[in-house]
Each structure stands twice: as C-alpha cells, then as structure tokens.
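Opening the notebook on this one. I want to go through the chains, the sheets and the core in turn.

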Amino acid sequence: METQPILQVQDLYKYFPLPRDILRYLARKPARYVKAVDGVHFTVSKGEILALVGESGSGKTTVGMNVLGLQKPTRGRITFAGYNVAEWAEGLGPSLGVERLENSGIDLARMSRRERIMALRERALMIFQDPYESLNVRQKVYEIVAEPLVIHRITQSREELEELVRSALETCGLVPAEHFWHRYPTELSGGQRQRVAIAGALVLNPTLIVADEPVSMLDVSIRAEILSLLLSIRQEQGVTILYTTHDLATAGYFTDRMAVMYLGRIVELGPTRDVLLSPLHPYTKALISVIPTPNPAQRNKRVILHGEIPNPTDVPQGCRFHPRCPIATDDCLKLDPQLRELTPKHEVACIHA
Amino acid sequence: MDALKALKQFSRNPMGVVGAIMLSVIVATGVFAPILAPYDPYARVEVTDPAKEILAPPDEEHILGRDDAGKDVFSQLIFGVRVSLIVGFAASIMSMFIGATVGILAGYYGGRVETLLMRLVDFLLVIPNLPLMLVIITIMGRGILNMILVIGLLGWTWMARLVRSQVISVKERQFVLRARSIGASHFRIIIRHILPQVVPIIISQAVLDIAVAILTESSLAFLGLGDPTLVSWGTMLNYAFARAISRQAWWFLLPPGFAIVLVSVSLVLIGNALEEIVNPKLRTHHLFDPRKMVAAVVGVGVPLRVEEMME
Amino acid sequence: MGRRNYMIRSVGFAIVTLALVIVFNFLLFRIMPGDPISILIHNPRMTRESRERIREDFGLDKPVWLDVERLKAGDVGGAFDTQFTAYVRNLSRGNLGVSFHTRRDVAELLRERVGRTVMLLLGGEVVAAVFGIAFGLLAAWRRGSWLDTTILLWALFSWALPTFFLGIILLLLARGHLPMGGVVTPGLTPKDGLVYYLDVGKHLVLPTVTEAVVVTGQYILIMRSSVMEVLSEDYIMAAKAKGLNTLQIMRDHALKNAMLPMVTIFALTLGIMVGGAIQVETVFSWPGIGRLMFEAVSKRDYPVLQGAFLLLAVSVVLANLVADLLYSVLDPRVQDK
Amino acid sequence: MAILEVRNLSVEYLTEDGVPLRAVEDVNFCLEEGGSLGLVGESGCGKTTVMLGLLRMLPQEGRIVSGQVLLEGQDLLQIGEAKMRKVRWKKMSMVFQGAMNALNPVRTIESQIVEALRIHDIVGGASEARQRAGELLEMVGISATRGREHPHQYSGGMKQRAIIAMALACEPHILIADEPTTALDVMIQAQILELLERLKEELKLSLLLVTHDLGLVAEVCDDVLVMYGGRVAEIARSSAIFNDPVHPYTQRLLQAFPDVKAPDTPLVSIPGSPPRLDALPPGCRFEPRCHLREDICAQRIPPSIAVNNSHLAACHLVGRES
C-alpha cells in the first residue's frame, strides 16, 4: 500500500472545561477540565483503515470529532490533506507550506471562512453509531442522501442529482435504488438504515470517513455486511477510514492498523494482526483476554482489571494506567511513558514492554 | 410521524374529535354571525308593549331575552364569538411565534443567548399575569388591539420553555450532528432538522394557548377592561353581573358564560388529544395486572405500534 | 455543582428578579403612553397641597434616571438624586404613596387587606393541591378506565372554566344557603368568639372553592402526566419484579418521584391564583387585595394599582424562591445538575 | 432436576388496530437446578418477551395465549396475582437490562435493597435490614457505607453491581439476567460476569441468561437456547451448540460472530434481516434468509427434531444427510 500520509494528528489535546461552580469562581480557583484527549499523535496513509479502539471515556470519539473539525482542539495540530484542520474549520487561514488541496486545484487561502469549512465538510465525513438516531425520521431516504449534494451545490440538474443518489444507494447495496428512496427510515431495517447513512456520506466522494462504532447497534448477523461494505468502498474509491470502536473483535476483521486508547492517550499502535495476536501493552493484553469468544473450548484465563477508568479530570500521575496495571512498579508512578517502536511499526507506551 | 398518521391517531381519540366538531361549529357561527343573528346586537330593540320590561326573559321574539339596555341577548351572544376567536387566535399566534422563536434560539444556541433569554422568560413567568395585564390596559386604554397585544406579548413564556426543552433534547441527537458534519448551516439545521421535530409540540401547545387567551380576554372584559365598542362575552357578563344578578336575570348572565366554557372546552379537548399523540411517554406503563388483560382481551389502553415492538 | 450552588443561584436569581420588578413597576407608571402621574398633576380637582405632596413624593421636578448635568459637574452623589432614587427611597420606607380616591396611605390599605387574600390563596392552594394530587394519581394509575376518563374530563372542564363565571354560578346556586359576599355578617366582631369564626368560615366557603377550582384542573392534568411518565420508567418495572403490590409501588416509588416537579408547579401557579383572586374577590365582594385592584382599575387609582401590583409580584417571586429551595432539598439529583 | 420448565409458551401483542401479533410461539425449555441456560437471539426474536412472560410482567398490550410455566412443579400461569408477587424476587429475581434506569433515582441504594427484604419478610427490624443490605453490597464489592448514596452517585458498573446485590437479597433460587452487561464497557462487563459466576457457585443459583451475545453465553452457560422469529431454533448443551450446531441459523450466527483471537477467519453475514412480527413467513421463520432452504421450508413450520437426547433443532433438514 502506498504510504502517503493523508491525515496527521500531532500532539492533540482536547480539554473540556467543567461548568464553573459559583463558589469556586468567587474563590478564584482555576477552572477544572475533562481531559478527553491528552496528547495523541498518529498518522494515517491514504486508503488506509485505522482502528481507534478504547472503552468509553478513552477519548476515541473526541479524536474523531477533532479530525473532522467538528470540535476545536485545545492544543496540537491536525493536518488533513496538507491543511491544519482546526484552522481550516475555524477559518483562521491556511498554515503549513501547502497552498493547494491536492488534485483539486482549490486555493484555500482565497476562500472565506464558510467556504473553507464547506471544503472540509465535503471531503471528510462521518458515519454514526446508531442508524436509528443518525437519520432524521422525517426525511425520506432520497432527501437524506441528496441533502449533502444540495448543501454543497454539487449539481443543479435534477437528473444528475437523481443519478448521483441512485449510484450512491446502489453502491451501498440498496438495489434497486428506486425501491428505497421514497421510503422513510422507519420503514427500513437497521442494516438498511446504516447503508442509507453510508450512502449519505459516500455521495460526496469523500477522501476520509470517520466511522464511529458503525455496527455496534446492529444485530450480529448483519454486522459483517456493513463492514465488508466499508472495505469495498476503500478498495474501489480509495477512501481512508478512521474506525472508532470499543469492539476489538470487529476491528480485527477489517482494519489495517489499530491504535488502542486509554484515558485520552494511545497506549499501543501497530498493525492490527500484531496488536491482537501479540499485544505488548498490559492494558491491551487484559482487554483482549476478557472479550468473550463464542467457543467454550477456548475459555482462557481472563485478566480482569479491577476498578474503573479514572475520572478524566484527575488523570493519575506517571503512567496513567498504573493504578490498574497488573505489572506496575514504582517507576510507573514517576514516568509518563511515550510511544516507542518495539517491533517494526508496532509502538507501545509502557516501560515494561 | 407524518401529518396523515397524526390525523389518523387524532381521529381515534373521541374527546379530540368531539372538541374538533364543537370548534368547527363555533367558528362557523362566528363567520356567519350576521346571517345567524336575528337582531343588530348593538341596537336596542323597540319595546312596543308597554307592559313588558326592557330587561325581559326569553319569549318568542327574543329566544334569550333582552338585556337591561333592551338589546337582544342571543344576537349579542352570536357576535361575541367573533371577539373571542379573534382575540384568541391573534394573541396565540403572536405568542406562538415569539415563544417558538425564543425557545428555538435559546435551546439551539445555548450559552449566553440561552441564559439571557431564559432569564427573561423566568422573569415574565413569575410576574402574575392578570394583575400585570390589568395595570397595562388601565394605563394604555381599553381596546381590542391593546387586548391582543397584551395577551400575546405576555403569554408566550410556557411555549418558550416547552420548545426550548424539546430543542435541547433534539439537538443532542445524532442526526443533528450528522447534518453539521455534512456541512449544513445553522439555519438549515434549525429549519430542516429541528423545526419538524418540535412543530407537533408547538401546535399542541398553541391550541391550548388559544383557550388561555380567550379565557384571559373574558376575565379582563369581566373586570371592565373589554373593548367598549364591541360586543364580547366578558363585557356582557360585566354588565350582567353589575346590573342583573340582583334581579336574577339568568338569561342575561348564563349564556355568555356557557359560551366561553364551550369554546375553551372544545380547544382543551383538542389540545389534550394532540398532546397524547405528541408525548409517547403517556402511552406505556408497567402497572398492569395481566389477568385483567386476559379478561379484557381487545381494545383496552393504547397499544404499541409495530416498530416500537421490534426494538 | 452542588446543592449549595444551586441555592445560591436561586437566591441570586430571586434578588435580580425583585430588582427588575421594582424597576419595571417604576417604569410602568412613567414611560407608558398617557403617563398617569402627569395626568394626575393636571387634574383640576386636586388641591394645591396634595399636588405638592405628590410632586415631592415622586420627585417630579427631578430627572427620571440620572442627573447628567450634575454628573458632568462632578457631583456624583447629587447626580443620583432622581425620580428613580426617590421611588426606591420611598419604597424602602414602606411609603407606597397615597390613594387618589380615598386619600389614604396605600401601604396601610394593603396591610389591612393582605391577610384576607392570603387566607383565600392559602385555602385555595391547599384544597387544590390535595384534590389535584389525589385525582391525578388515581387517573394515571387507572389509565384508560372510565374513572380516568371521568377525572380527565372533569379536569379539562374545570381548566376551561372562567373563574369569575364559576363564581357567579356558585353564587346563584348557593343563594339562601351560604352568605353571598363579604367577610363576616355585619355586627359580628372577634369578641363573639366561636360564632364569629364560624361565620367567617361560612363566608370563606364559596370564594375558596372557586379559587381552588381555578387550578385543580391544572394540578390534576400535570400530576396525571407526571405519574404516567414515572410509571413508564424501568424502576417501576423493577419494583414490580421485586414483588411490590400496586399500592406499594404507587406509594413508595411513583408518588414521590411524580411529586417533585409538582413543587415547582405549585409556586408557578400562584401567579395564576393571584389572577383568580382578583376575579373571586370581585364576584364575592371579598375585601382583599384583588377587590382593591378591581376598584382601583375602575377609579384609575394609580398609586393603589401600583402598590398592589408590586405586593403581588414580590409575593409570587418569593414563593417561587421558596419552592426552588425546597426542591433542591427534596431532589437528591440536584447535586448532579 | 428441572427447577423451571416452560411448556408451549405463546405470547401475543395487540397492535393499535387490535390485530394480535405472535411474538413468541410454542417455546419449550427446562432450567436445571443449579444450572445455567442461555437464551440467545437477535433483536425482536422474542427472548425478552419470554422472560417477561415467566414473571407475568408483560406490558399491557401483551398476553400469554397458551402454555405452562412450571416452577418447582407449580404452574405460575394458574396462581393468583398475590401469590405471584411472592414468587417474584423471592423465588425468581432478575437483573435488568440498562441498569441505569432500574434504580429509583430519588431513593438511596440501601433503601431499595431494604425494601426488597421487607416486602418478603426476610428480616425483622429496620436496623437488621440495613445491616443485611450492607452485607449484600459488600458481597458485590461495594463498600457498605456507600449504600446511603443515591444512584446518580454511582458509575454504570456500580449500579449493575447494586442491582445484582438487590436481586440476591431474598436468596432466590433462580436469577434471570436480561442483557446484564450490554451497556457496559468490556472490562466492566468482565467484572460483572466474574461476579455473576462467583455468586452462582457460592449461592447455588440457577441462572437464566438472556442475551444477544453468543460470546457471553459461551463463557457462562451449560445449555443454550437459540431463538429466531419468536420460535426456538435450536436447544442443546453449550459445547454442542458451539462445536456442532445443526440449525443453519445457529451455524451462520456463529460464523458472523467475530473472534478476537482469530482475526483471519472470514466473517460471514446473513443476508436480509429478521422477520417483522406483522409479516412472519408462513413456514420456517428463517427460510427467507436461509442458505440451505428447500421448498418445504416455505410451506411448513419445522417441528423440533431430536439430534440426540440433549439436542433439539427445528429444521426440516435435520437428520437428512446422515
């Protein structure tokens, strides 16, 4: 696979201020923050599928939102197609040396803020967790899929619009498209709804798709279909996919690389197969060991971590995992380990690995 | 939920249907008042028979008798529909627009906009309405326009609160985030994605607001603040209470009162039926003795829809 | 945010609201078209003395808000010697002006009558709350039954009833059985002991019932849907699975949870009840604040109107504050909000 | 010995138009004393309806059309409501799906446990009840002092523990767990699972686990019942279901279930989606999606055929090839 980076996340921090308590405010105590993302970096190549896995509160969804420019990073830089996304979305003007969006001939520097946001929205899209929730039940399938085209003024002609919607729906397996597009989402099954949602993103020919738990609300029997649909989209259109999930098992089936997140940090990053079959970080090891497998013969030793993920307002000193780590030593209290490459392309943030 | 389905659901609610029929009859009465009324409500009728009093109980000429000024009560009653409906609808449309706009802006934008707007709402909400209206109309002068303005400008607080809370829950939903992620502008999100979700609630509240406006108008008129140039039920009652109660002139006293009740009951029945459609939480509950179900078998309670069962 | 914060916030809001009420009340009688006070001053029937007294009371020779001239001259203290500060000063001394009509001190007029209105409101609120809660609970519990339908219809009907008309009907119906108006039969005084109080009680029946009906319907409707919402929660199902019978579930789980929002509702409807009191007192010639306002309206007695409105508004604001504080004590979830 | 036996259970829901819909049809199974049975299926397969039926807690629109629910030989569908209340929690208690909502938000955790104890006269005085509630909380790994707190002060995992403590308050014989871990994170899931397994051994509970998660069942259950479209598809010992599934649905479902330890195995999906209750296929419920379907499958509902004495499958093709 080509290794041209399309997305670079460098030193990303996203802190959410807690609502300020009146008394604290009067006492001039500093505001407290939820440290949702606390120093994350990774790179995604064009056409690659990267899984961001972690439990709730690990910050994986926040990373996705920042990548799309739907939230503004507290600190750090996200570069998508050569542009700083945060500034792009905020319209603060182009940074870095690259002046042109690759292959498009668009000069971002000359665009208004709104135009810049639109240029980003057109290229980086999101697929959501819950197809029952992510579609407006008062819109018909056709309106849902056509809406992005209308917003981005892709075409003026009705026929062309219809054609684009049709082809997006049919790419997503809703054949024939006419059979579906007059219906409301409530008349479709869960799997079909998620296909509609994917078609609604695909119709813009995006460069990047952030898929946030796209199958976790679906029945097991239809998950594979949706995952292979995402795979084929990558194959045929070269779309880069950032797959955020808590489910290591589904991630194992279709992602190239995997980043395991814990409390706002990536603790392990490497090729999916390597991470799942020979995990290096104690957290990853524990996580993999507790995932139930449908095979009673394979009931192996579970490594159950006790306690819960600490509150992201009070991140533990040193290694953030040490309070729950089965192999923690005194050094772990002092050192905040950074990612280092242990085996080729397989990075881990643990001093004991 | 599309309009057709809502209409179907509405037609299943007997109270709502009764209310709708009542209201249509009342509206028709208002529209055709000049045809229906046997006399000019503003003119005193010549009392030819000197044996008869001016304030007279019903007879074959005046089916609801005459008031103490010699005017036909029935005709006044029919023309009174107009004032009630005009004030009710105009004021509630006004408060619907203000309330919905404030609610949507506060709910959608949040932050300072919300704090500011909702503080204003809370302020207006705790100020006792009727005394305030009393004061304002006393100062500004009586008249139907002032009446509409005062009721409309002070009666939007519930609407704003209701819409805001609804918008807050709608805007947290994923399809709104999705709309943002495909580049939809705030305007588009509000109009295309949020408004359709809150319109049912706005309508069901607006219907109730019409009733409130009509009741308020009649109360103010009863307290002597009605438009002196128009026949309104409240004004009729104001006169009747001042001059006819001691003489037991029930024909002058009761009809306008019952007319008000009729209008507001019809609106309340409709509003209640709409609310039951709009708020699905009013539909299921867990306290039920299954043996009664077996006994009753069909047609009890509000059954689930198929989609809900599948989830 | 803790409970303490919530309370501070409520108190803060109440203070701001009170300040706004005062400014608003000041404004209402000066900025409105037709400016009542200037009308008054030009009233030829006024004696010279009372005109002077009003002029002084209202500080009419001074600017409305701020004396810019004196501020420019550096006299900061004097710059605030305005109509508004005069108004606030009078207010803080309990001086609400003098009635145009009776020439009596407004504060005194209000003081005389406030007890009777409070009696009415309190009685009405208690009766309405008891019936509203009981019937709302009953209707929600028996949802879909004829009982529910009956209660619902009654609630909707009473909600749709104009207060004054209900008063008139009761007046007609009770003719000969109960006193038609006033507080007490003329001639009786507190010295008559029990007879006096029984007589007052009799006079109270009709106004209280009317006042209660104003909001009972509303309470029933809100309680009914509140209980119904609670009953659709999972913890009700859990309680049933625990083996609780219906009565226990209603008493131990549904009632308290459904009652919480009612606390706020009780206070909010006080504003409506105050409006009801004006009508009730008018119909039953009950000499309280409401009747006073009605008379003031017909006689254009602005100082009385202004004073009565201020009193009512302040009371409702304070009642809401109490409800807010009570709510924060009753609902354990406040700590999370 | 079977502690709970369900025979020919059928449940219907009434739609708005008064049309009855079969949500559960002709379901039979046994729960062995001290055993554990997993009730598995996808959404809408009727598993939750079966569970609610056992406790006679169906929503207003649902009714049991036929069948027997034998608890220690006694048919629960024949006894009065007052007696049924004594069965609930005392004999059969349950852990709910969505722990967040199964606790009353305005009452303390302790008072909700105490309530269960007192309803069933487990303890005498109030202080004794509180004492016992504390013990129960400690048993599930919550410090007794935190019993005075309200649910919103607990994390999701703690709420689920508290609910388990509450469920075990009256020392029931049977514990029904409906998706006990679904809304929880993987690690918390594992903690809860470990807790359930430990308590099951210690307290000699019989466990009925209702879930969509085959992995969970494989970890916990001795027997597995697979439901599809309101009917039993296959029921067998756990090892048989996972190693030698007979019903095509079970086979496909297993292949569709990703195994984290074998990321190279291809993932299979079942085309189409589960049937809607208002449009059930006339024959085998799985026929429209089945890769092995034959003409007969569309015409006749397949009977339960015994593969061996502990293995039943409702498929026309069972025993064909061999």
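My entries follow, element by element.

Entry: I am working from a predicted model, so I keep my notes to what the coordinates give.

**Entry: sheet in chain A.** I started with the strands. Chain A has an open sheet of four strands, and I read the order as β2-β1-β4-β5 with antiparallel pairing. At its edges I found β2 (33-45) and β5 (83-84) of chain A, each pairing on one side only. Helix α2 (residues 60-67) of chain A packs on this sheet and touches β1, β2 and β4 of chain A. I noted about 115 degrees between the direction of that helix and that of β1(A). Next I looked inside the sheet: β1 (residues 5-17) and β4 (residues 75-80) of chain A run antiparallel and are joined by five bridges. For one partner pair, I picked Gln8(A), whose bridge partner in β4(A) is Thr79(A).

**Entry: sheet in chain D.** Which order do the strands take in chain D? I get β2-β1-β4-β5 again, in an open sheet of four strands with antiparallel pairing. Here β2 (20-32) and β5 (74-75) of chain D stand at the edges; each has a single partner strand, so one side of each lacks a neighbour in the sheet. I then checked how β5(D) is held: strand β4 (residues 62-71) of chain D pairs with β5(D) in the antiparallel sense, over two bridges. Leu71(D) is the residue I find opposite Gln74(D) in β5(D). Helix α1 (residues 47-54) of chain D lies across β1 (2-14), β2 and β4 of chain D, and runs at about 70 degrees to β2(D).

**Entry: where A meets D.** How many residues of chain A are in contact with chain D? I have 37 residues of chain A against 37 residues of chain D. On the chain A side, the elements giving two or more residues are α8 (190-202), α9 (220-237), α10 (248-254), α11 (272-277) and α12 (282-290) of chain A. Of these, α9(A) gives the most, with seven residues.

**Entry: chain C.** I moved on to chain C and found 14 helices and zero strands. Of its 337 residues, 43% are buried. The domain assignment divides chain C into domain 1 (10-92) and domain 2 (106-330). Across that boundary, 10 residues of domain 1 are in contact with 10 residues of domain 2. On the domain 1 side, α1 (3-31) and α2 (36-41) of chain C each give two or more residues, and α1(C) gives the most, with eight. That side has seven nonpolar and three polar residues, and no charged ones.

**Entry: the core.** Last, I looked up the largest nonpolar core. I count 381 residues in it, and those with the most contacts inside it are Val145(A) and Ala308(C). Its largest share, 19 residues, comes from helix α10 (residues 186-225) of chain B. What does Val145(A) touch, leaving out residues up to four places away in sequence? My list reads Val165(A), Ala168(A), Leu169(A), Val196(A), Ala199(A), Gly200(A) and Val203(A). As background, nonpolar side chains tend to be buried together in soluble globular proteins.

Definitions and conventions: Residues numbered from 1 in each chain as written. Chains lettered and ligands numbered in written order. Predicted model: local features only at pLDDT ≥ 70, side-chain atom pairs only at ≥ 80, totals over all residues. Contact = placed C-beta atoms within 7 Å. Core = buried A, V, L, I, M, F, W, Y, C linked by C-beta atoms within 7 Å. Buried ≥ 20, exposed ≤ 12 C-beta atoms within 10 Å, placed from the backbone. Pairing = 2+ DSSP bridges. Axes fitted to C-alpha atoms, helices over the stretch in contact; angles between N-to-C directions. Domains from an automatic or database assignment. Nonpolar A, V, L, I, M, F, W, Y, C, P; charged D, E, K, R; others polar.
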